[in-house]
Amino acid sequence: MKSFPVLRKLIHYLNLESEVDDFEKIHDSILRDIIFKGTNLWILIFAILVASVGLNMNSTAVIIGAMLISPLMGPINGIGYSIATYNFPLFKNALKNLGFAVLSSLAASTLYFTITPISSAHSELLARTSPSIYDVLIALFGGFAGIVAIASRQKGNVIPGVAIATALMPPLCTAGYGLATAQFAYFFGALYLFTINAVFIAISAMLISQILNFPIRTIVDSKQKKRINGYISFVIALVFIPSLFFGYKLVQKERFLEKSTLYVRNISIFEGNYLLNHEINPDKRTIKLIFGGSTLTETQKVLLKDRADDFDLTDVQIEFQQGLSFDLLTTRNIELENLQNEIRRLNDSLERKDLALQQGARDIALGRQLLSELKMLYPQIAQLSYAQSRQFDQADPEKSDILYIVLIDTKGQGLSEEDQEKVRNWLKARLQLNRIRLYID
């Protein structure tokens, strides 16, 4: 029995009737917000452009600003309110204005994304292309808050918050992006997300309008009510059922990410190998592992794949990529050492050839000098040849001595024995060598 006062007190706190505004004021407010012309239309266009820029630059703050100034909630609440009160002229007017607002928004966002130089899809854009059951819940509860705020005398700052929560603007901008870039998966995904938001905001507006007993302003028989309720049920099912499928996929994707993350952490160090990086793709259900260390063997790869079963990743495709390999470093070091040895050998060879060329140049200069000096002493000498050679001795084959061979041509005039001896001694003194073989023709 003691619980009943507590229950009555709770009902008193939850009661809305005491704070509901005058029905005429609510009706006029909804009528005013439905119309898209003049101020409302310009605000809508500017809000769409601001949201498009925010999506283009991947700026959450700019997108929130665009949602704050968006007037799209008006005709959607009008649709829900008109259904609840069976006001068919108002329903047609609200639906017509919502269609006009959607087309205007698509036109503005498509034009922007057609002329903007930045056309890549960022995370804020991609987030508007995969609706799910969670978007249904957001739109439904956000719509409840919106229509309660409209019906209340204490408006507060609920309406801007509802505009942010239900996010009507970004999906339309993303749909415009899909049209501008001919990426129709973006277009249909974003348009479906907008449809979910719009339908369930309207449904929440309809339900709250019925709960608060908004007055019915037209005469409606029971058959019309039944037919309208049937249409509403059909639209709800049409929008809600696909979101269940997308919601299921979202849950599966989140579970896959969670399990894959645990698996990756578990194999960060594996038999002397270190996981340098990894890529998890929940859409394709693949995990790419980039290891550093010794090159993974086929047996190790099988063990790594088998370990994925411990994390309930039975249908995952695991790809391996070798990063920094110790084996590769060893091979590269050997190759580098061989290359350095070859470079040293080539340098030595070049140095020997260079020395040989320098020696050849010195021999030419010396030969010319010897011929010039000998001709001054013995004019009959016409030509002179000399070469450096090696002399080996049978007694010690391992030892060799440098031997200069000099050939003098006198063109038949000859030299006496005494002169030949003088030339031989002169060459020994001139070349500072004792081992000289002199031949005179």
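Visitor: How many aromatic pairs does the count come to here?

Guide: The model is a predicted one. A pair of aromatic rings is described by two quantities, the distance of the centres and the angle of the planes. With ring centres required to lie within 6.5 Å, the count comes to seven aromatic pairs. In one of them, the rings of phenylalanine 113 and tyrosine 177 have centres 5.2 Å apart and planes at 80 degrees, so this pair is edge-to-face.

Visitor: Are phenylalanine 113 and tyrosine 177 buried or exposed?

Guide: Both phenylalanine 113 and tyrosine 177 are buried. They also belong to one aromatic cluster, which is formed by Tyr112, Phe113, Tyr177 and Tyr186.

Visitor: Let us turn to the surface. Which residues form the nonpolar patch?

Guide: The patch is formed by Ile43, Val50, Val53, Met57, Val62, Ile64, Leu68 and Ile69, which together have about 570 Å² of accessible area. Two elements, α3 (39-56) and α4 (60-69), each give two or more residues to the patch. The largest share, four residues, comes from α4.

Visitor: Why does isoleucine 69 count as partly exposed?

Guide: Partly exposed lies between the buried limit, under 20% relative accessible area, and the exposed limit, over 50%. Isoleucine 69, in helix α4, has 40% relative accessibility and therefore counts as partly exposed.

Terms used
Residues are numbered from 1 along each chain as its sequence is written. This is a predicted model: local features need pLDDT of at least 70, side-chain atom pairs count only at pLDDT 80 or more; totals for chains, interfaces and linings use all residues. Side-chain values use heavy atoms; hydrogens and water are left out. Rings of Phe, Tyr and Trp (its six-membered ring) pair if their centres lie within 6.5 Å; planes under 30 degrees apart count as stacked, over 60 as edge-to-face and the rest as tilted. Buried means under 20% relative accessible area, exposed over 50%, partly exposed in between (1.4 Å probe, protein chains only). Patches are made of residues with over 30% relative accessible area and no salt bridge: like charges are joined within 9 Å, nonpolar side chains (Val, Leu, Ile, Met, Phe, Trp, Tyr) within 5 Å. Accessible areas come from the Shrake-Rupley method with a 1.4 Å probe; for residues, only the protein chains shown count as cover. A salt bridge is a side-chain nitrogen of Lys or Arg within 4 Å of a carboxyl oxygen of Asp or Glu.
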